[in-house]
Amino acid sequence: MDAGKTAERLAALMAERVDHRFKGLPPDAAGLTLADLAAERRNLFTDGFTTPVLALSAERLRHNLDLMETYTTRHGLAFAPHGKTSMAPQLFHRQIEHGAWGITLAVPHQVRVARRFGVRRVFLANELVDPAALRWIAAELAADADFRFVCYVDSVRGVELMDEALGGTGRPVDVVVELAAGEGARTGARTEAECAAVADAVAATGSLRLVGVAGYEGEVPQADPERVRAWLRRLTTLAVDFDEAGRFAGLDEIVVSAGGSAWFDAVADVFAQLPRMSAPVLKLLRSGAYVSHDDGHYRRLTPFVRVPEEGALEPAFRLWTQVVSRPSPEQAFANAGKRDAAYDLDLPFALVVRRGGKERPATGVSVTALSDQHAWLRTTPEADVEVGDWLGMGLSHPCTSFDKWQLIPVAEADGTVVDYIRTFF
């Protein structure tokens with residue numbers, strides 16, 4: 001898709017009109033387009049937004065995009081951030097503008113979203129065996145010479161199903177053999193011998209082309225730096241062995257890919273040790289959670305904790321909710337719950353209280369449970385919380401934060417809303 005068509009479709013997102021579909025938006029904005037509403041630069045706190053409302057920090061979002069662009073460039077890594085985190089085409093294109101090679105995705109629907117909005121390079125971190133989806137991918141490849149698509153294979157049976165669906169015609173679909181992170185881990189061929197058998201099966205088809213190896217180090221059992229690096233060395237050794245066996249003959253580029261959001265420092269270190277191969281190596285990192293970061297899981301696990309000299313990501317999400325009940329000195333309730341906040345890894349974190357236009361730390365306030373539409377708050381004697389206060393919460397796990405919101409305001413530090421991010425889950 002040409003740049004003009006892509007820009008047109010992204011602009012069309014902002015032509016949507018504000019209505020009942022979008023949580024938290026000002027009721028008096030109904031009928032405005034999102035572009036018109038953004039142009040008004042309303043304040044999140046004083047211009048009609050209703051709670052609960054999830055916002056992204058404009059400054060922190062920009063910082064995180066800049067930081068990972070700098071990091072991957074410094075370490076000689078290509079970058080295909082995992083788009084399933086946000087499923088937001090506007091963010092996909094901001095990531096690409098910040099140097100990303102392409103976007104990683106997980107299932108066919110996500111690829112369709114990316115293609116609708118002009119993403120030209122897609123890495124599918126899954127084995128794709130759905131015949132209808134494979135035929136659609138083949139049609140996309142046939143219609144667009146600039147479209148690059150790479151996906152996992154991890155079984156001979158999967159290769160056979162792919163070849164049967166594709167029919168051996170048109171541009172071959174590029175595949176990488178997935179090496180499992182260990183026994184009992186998630187997907188992937190468990191042994192190097194099984195990987196070789198999958199590669200042989202690919203070579204026997206007319207519809208697939210082997211272009212590299214890949215895996216996900218986040219699934220290494222009992223992961224620690226030593227175990228993760230040991231598995232990454234297995235992955236790079238597999239790539240070298242395949243190359244020496246002539247499995248990558250004729251390629252212009254060999255793909256070696258790994259990298260979630262918890263161990264990309266180890267990926268950078270081990271990938272830097274790859275020897276010269278028969279073709280240039282695309283060292284492809286796939287970390288996705290960095291774009292918003294978080295106040296819990298990834299704040300604890302980010303590699304920047306281990307390598308602080310490289311910089312620091314900043315949590316960009318803030319869920320604004322309102323205290324609607326204060327039944328006792330030890331308890332309060334806010335009007336955001338499981339429908340609004342991620343809770344699969346950690347409960348939300350009470351960070352700030354806002355009253356009368358002033359913010360202060362949410363001292364003595366903690367979230368102890370979530371109902372569908374309520375947060376249960378424990379309040380200690382030093383907590384200063386009243387019905388009507390706005391409570392700003394930090395979240396844990398970006399992937400299950402984005403997916404609860406079709407539309408997310410982007411706000412500057414003073415609350416000025418400058419943009420809206422549309423998601424497609």
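## The largest pocket

Sixteen nonpolar residues, twelve polar and seven charged make up the lining of the largest pocket in this predicted model. That gives a lining of 35 residues, and those nearest the pocket's centre are Lys84, Arg186, Tyr216, Gly260 and Tyr298. The space inside comes to about 630 Å³.

Which elements each supply at least two residues of this lining? They are β4 (121–127) and α11 (297–301), and α11 gives the most, with three residues.

## The second largest pocket

Next comes the second largest pocket, with a volume of about 400 Å³. Its lining counts 22 residues, and Ser57, Arg60, Ala316, Arg318 and Ala413 sit closest to the centre. By class, twelve of the lining residues are nonpolar, two polar and eight charged.

Here β1 (53–57), α3 (58–74) and β10 (317–328) each contribute at least two residues to the lining.

## A cis peptide bond

Now for the backbone. Threonine 51 and proline 52 are joined by a cis peptide bond, with omega at about 0 degrees. Proline 52 belongs to the loop between α2 (34–40) and β1.

## Two positive phi angles

Glutamine 222 has a positive phi, near 50 degrees, although the residue is not glycine. You will find glutamine 222 in the loop between β7 (208–214) and α9 (225–244). Its relative accessibility is 64%, so glutamine 222 counts as exposed.

Histidine 293, also a residue other than glycine, has a positive phi near 55 degrees. Histidine 293 lies in the loop between β9 (281–285) and α11. Is histidine 293 buried or exposed? Its relative accessibility is 3%, so histidine 293 counts as buried.

Conventions
Residues numbered from 1 in each chain as written. Predicted model: local features only at pLDDT ≥ 70, side-chain atom pairs only at ≥ 80, totals over all residues. Heavy atoms only, no water. 1 Å grid on protein atoms, 1.4 Å probe; cavity = no way out; pocket = protein on both sides within 12 Å on 5 of 7 lines; lining within 4 Å. Points joined across faces, edges and corners; volume = space filled by probe spheres on them. Helix = DSSP H or I, 4+ residues; strand = E, 2+ residues; numbered from the N terminus. Nonpolar A, V, L, I, M, F, W, Y, C, P; charged D, E, K, R; others polar. Buried < 20%, exposed > 50% of the residue type's maximum accessible area, 1.4 Å probe, protein only.
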